[in-house]
Amino acid sequence: MPGSGSRAARPGPLSPMCPSTPLLEAETSLPHPGRHLCSWTRPGLGPSWASSVVFQSCRSCHLLFRAGAMVPHLVPRQLVRLFRWQVACARGASVQPRTWAAASRIPSLLSPWGAMGTSRLVCRSSSSTSPCAPEVVLTQERYPVTRLPFSVVSEEDLEAFERIIPGRVVTDPEVLEASNVDWLRTVRGGSKVLLRPRTSQEVAHILRYCHERNLAVNPQGGNTGMVGGSVPVFDEIILSTAQMNQVISFHSVSGTLVCQAGCVLEELSRYVEERGFVMPLDLGAKGSCHIGGNVATNAGGLRFLRYGSLHGTVLGLEVVLADGTILNCLTSLRKDNTGYDLKQLFIGSEGTLGVITAVSIQCPPKPTAVNVAFLGCPGFAEVLQTFSSCRGLLGEILSAYEFMDAECMRLVTHHLCLTSPVQESPFYVLIETSGSRAEHDAEKLSDFLEQVLSSGLVTDGTVATDQMKLKQWE
């Protein structure tokens, strides 16, 4: 599942499901291919090899920096709260700017970002594109890749899909356009078919049919990835999880949430918060990314420091393999020491092994006190020392620590028309605390800030403890 994230002809590495079967050539010929589920039979091998599965998986994100053309579009994940600030401003939120310097003690209630005014909104949506946006070059034209000998979708195939998922087979080019282009508009596929299943059984039927017909499939979640891995390279069938968006169960005592892979992260966050819990994952794209894509890419997010990776918070998965086999590891038991932990193979696999269709995840209790501090540091060494002091003095209430450099801030202030909340610095640090006692947390944060200011690790900063304003940014 993509999130929610690129070559000369030569033998590829071995398939993880078949040690003697090399991966497709396309797997090693494109810097950032989409993750494509390919039901592929190696020539000359019998039926026992027919289930060899190959997903093209993305590599690093250097594509975003090629020739510098993409740099203005990059938005640092650390600045997610600046995005949220835009929404607060657009809604008419009134905030008075106050900052603090080394000579003064931290006030108990300060407004964080300063008066930035109303600014244009940035929408991380995969369902709409600007009519004035320039045409995105096809991936197959931009990179030296060759389409492998997969079958082409025929009218008979469309009829078969229509029988499996009636009314949810999309062939309209205008609708397909958004699913063929990544969010950064750097790569574009040429898929002519979009399938929208609602259940794991429907996904299994689709993949089984594609396996038998030798049709390539590209699973797609929220299409919010930053590396072009969620869109086709050629004319692969797009398998969208957008309609697999149902919460299956929630345990009010343990906080265990079981849901389908197409559930939007922000909607899940709202669902569990109403019940006194929070999602262990928080992303800038949470308004459109899918939990299945988050798990498949092992998304870290802003709460990684507090709650760890999805390898620890995901309790179980339901996955459909390339031949249509449903692998049910959807346990909700946190302490499970029985045999192999197969779900770990799919967390972070980026679609190389199967399509995640359902997730069981552990949600921690909702903190009652949240504080955010935005600081300026004179150098990277000070950023590291501030982090060490932060862990030592804030301890159990520290939930997030993110940093960015001056160039990141320049891009944000320029392209999003925002104003920096602190004086210009070579580096910036965002710190979030969350706990159960507001007075206790505020005192610890104040002591920490006084120490880093007096020692010169931080030159300027601002703090927010107003829960209403914090909620507006989320």
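This briefing describes the fold, core, surface and selected residue contacts of one protein. The model is predicted, and its 474 residues, of which 54% are buried, are arranged with 14 helices and 17 strands. The accessible surface comes to about 20200 Å², and carbon and sulfur atoms account for 54% of that surface.

**Nonpolar core**

- The largest nonpolar core holds 30 residues, and those touching the most other members are Leu257, Met279, Ile291, Val295, Leu317, Ile356 and Ile361. Two or more residues of this core come from each of the strands β10 (256-260), β11 (314-320) and β13 (355-362) and from each of the helices α6 (265-273) and α7 (291-296).
- Ile291, one of the core residues named above, has contacts beyond four places in sequence with Cys259, Gln260, Ala261, Cys263, Leu265, Leu268, Met279 and Ile361.

**Ser360 in strand β13**

- Ser360 belongs to strand β13, and with a relative accessibility of 0% this serine counts as buried, because buried means under 20%.
- A polar atom of the Ser360 side chain lies 3.0 Å from the backbone oxygen of Thr331.
- Setting aside residues up to four places away in sequence, Ser360 touches Thr256, Leu257 and Val258, then Thr313, Val314, Leu315 and Gly316, and also Leu330, Thr331 and Ser332.

**Helix α4 and its cover**

- In helix α4, which spans residues 173-180, the buried residues are Leu176, Ala178, Ser179 and Asn180. The cover over these buried residues includes β5 (169-170), β6, β7 (216-220) and β8 (237-240).
- At the start of α4, the backbone nitrogen of Glu174 has a side-chain oxygen of Asp172 within 3.0 Å.

- Beyond its neighbours within four places in sequence, Thr199 is in contact with Met244 and Gln260; the C-alpha atoms of Thr199 and Met244 are 6.4 Å apart, although 45 residues separate the two in sequence.
- A polar atom of the Thr199 side chain lies 3.2 Å from the backbone nitrogen of Glu202, while the side chain of Glu202 meets that of Arg168 in a salt bridge with an N to O distance of 2.8 Å. Because Glu202 lies in helix α5 and Arg168 in the loop between α3 (155-164) and β5, this pair ties together parts that are 34 residues apart in sequence.

**Other salt bridges**

- The structure holds nine salt bridges, including one between Arg275 and Glu274, whose closest N and O atoms are 3.6 Å apart. In that pair Arg275 is partly exposed at 38% relative accessibility, whereas Glu274 is exposed with a relative accessible area of 61%.
- Lys343 and Asp341 also meet through their side chains in a salt bridge, with an N to O distance of 2.7 Å. Here Lys343 is buried with a relative accessible area of 10%, while Asp341 is partly exposed with 41%.

**Nonpolar surface patch**

- Tyr340, Leu342 and Leu345 form a nonpolar patch on the surface, and together these residues have about 380 Å² of accessible area.
- Leu345, one of the patch residues, lies in helix α10, which covers residues 343-346.

Note on methods: Residues numbered from 1 in each chain as written. Predicted model: local features only at pLDDT ≥ 70, side-chain atom pairs only at ≥ 80, totals over all residues. Heavy atoms only, no water. Contact = heavy atoms within 4.5 Å. Polar contact = N/O pair within 3.5 Å; in protein donor to acceptor, adjacent residues only side chain to side chain. Helix = DSSP H or I, 4+ residues; strand = E, 2+ residues; numbered from the N terminus. Buried < 20%, exposed > 50% of the residue type's maximum accessible area, 1.4 Å probe, protein only. Areas by Shrake-Rupley, 256 points an atom, 1.4 Å probe, with all protein chains shown as cover. Core = buried A, V, L, I, M, F, W, Y, C linked by side-chain atoms within 4.5 Å. Patch = residues over 30% accessible without salt bridge, like charges linked within 9 Å, V, L, I, M, F, W, Y side chains within 5 Å. Salt bridge = Lys/Arg side-chain N within 4 Å of Asp/Glu carboxyl O.
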